[in-house]
Amino acid sequence: MNDRPEEFPQAMASLLAQQDVDLDVVVVGNGCVPAQVPAGVKTVALAENVGIPEGRNVGAQHVGGELLFFFDNDAVLPHPDALARLAAALLREPGLAYAQPRIADPKTVVTVRRWVPRLRAGDPTRPGIVTVMAEGVVMIRRSAFDAAGGWPGDFFLFHEGIDLAWRLWDQGGTGRYLPDIVVHHPATNPARHDRFYRLSARNRVWLAQRNLPTPLIPLNLATFVLLALWRLRDRTALRATAAGFREGLRGGHGQRTPMRWRTVARLTRAGRPPIV
């Protein structure tokens with residue numbers, strides 16, 4: 001969106017400095033013509049801001065390659081072998097659909113809990129199989145991405161990583177967290193977006209309606225409501241959450257493709273049943 005004139009050049013420089021990989025890079029302007037783009041890098045200018053998930057879908061349509069790497073424009077790859085190591089993990093394990101590096105704040109080197117793609121997030125350096133993803137910096141096998149239908153474009157922002165991860169798992173794939181591969185990203189508060197609480201609640205409803213077997217939908221949503229009531233103390237945040245929840249219940253979630261019960265069992269064995 002041309003709103004990060006200092007961070008974006010650093011992100012691009014670290015990306016183009018990656019070694020032992022062939023890159024085909026596109027920068028998507030979400031409602032703008034991308035500025036500060038290095039020579040040789042493709043661009044796509046969208047007439048309006050279609051949201052982050054759909055912007056990523058557009059980008060994926062304009063690049064080739066066996067693997068897709070989605071990269072927030074305020075992130076930095078501090079080591080030139082990061083992409084090669086992520087790619088190697090995917091290429092040596094055919095059943096792996098996506099690989100997630102560890103995201104750390106560049107100043108504090110802290111990995112906040114929301115960036116650790118598992119419920120037990122106390123130790124961000126513990127590797128393993130994961131069932132969700134931190135979508136801003138992730139590598140995905142293109143064949144799996146295409147088969148899953150890509151990101152949920154209607155979400156606009158928030159929870160799109162869980163949606164895609166669940167569908168990748170429903171195809172029989174898995175995800176792996178590789179914390180020894182580090183990416184830097186500032187630990188900004190997602191609540192800085194004025195639509196955070198409303199969109200988070202709406203998309204949580206859509207996530208359940210799109211992906212879960214019917215008996216699990218009320219369990220998933222009840223868990224969300226209880227957690228929201230426990231965590232939120234600000235009345236404005238609670239009102240926005242309630243408004244988003246009602247909006248989600250009114251529909252608009254797109255095509256419903258409930259996961260198989262076998263997938264529910266696989267997710268549960270992997271440590272995160274799809275009700276939390």
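Residues are numbered from 1 along each chain as its sequence is written. In this predicted model, local features need pLDDT of at least 70, side-chain atom pairs count only at pLDDT 80 or more, and totals for chains, interfaces and linings use all residues, while side-chain values use heavy atoms, with hydrogens and water left out.

Me: Which residues of helix H9 (residues 261-269) are buried?
Reply: Helices are DSSP runs (H or I, at least four residues), numbered from the N terminus. Buried means under 20% relative accessible area and exposed over 50%, partly exposed lying in between (1.4 Å probe, protein chains only). By this criterion, the buried residues of H9 are Thr263, Val264, Arg266 and Leu267.

Me: Is Asp163 buried or exposed?
Reply: Asp163 is placed in helix H5. Its relative accessibility is 0%, and Asp163 therefore counts as buried.

Me: With which side chain does the side chain of Asp163 make a polar contact?
Reply: A polar contact is a pair of N or O atoms within 3.5 Å; within protein, one must be able to donate a hydrogen and the other to accept it, and residues adjacent in sequence count only if both atoms are side-chain atoms. For the side chain of Asp163, the value is 2.5 Å, and the partner is the side chain of Arg167.

Conventions: Helices (H or I, at least four residues) and strands (E, at least two) are DSSP runs, numbered from the N terminus.
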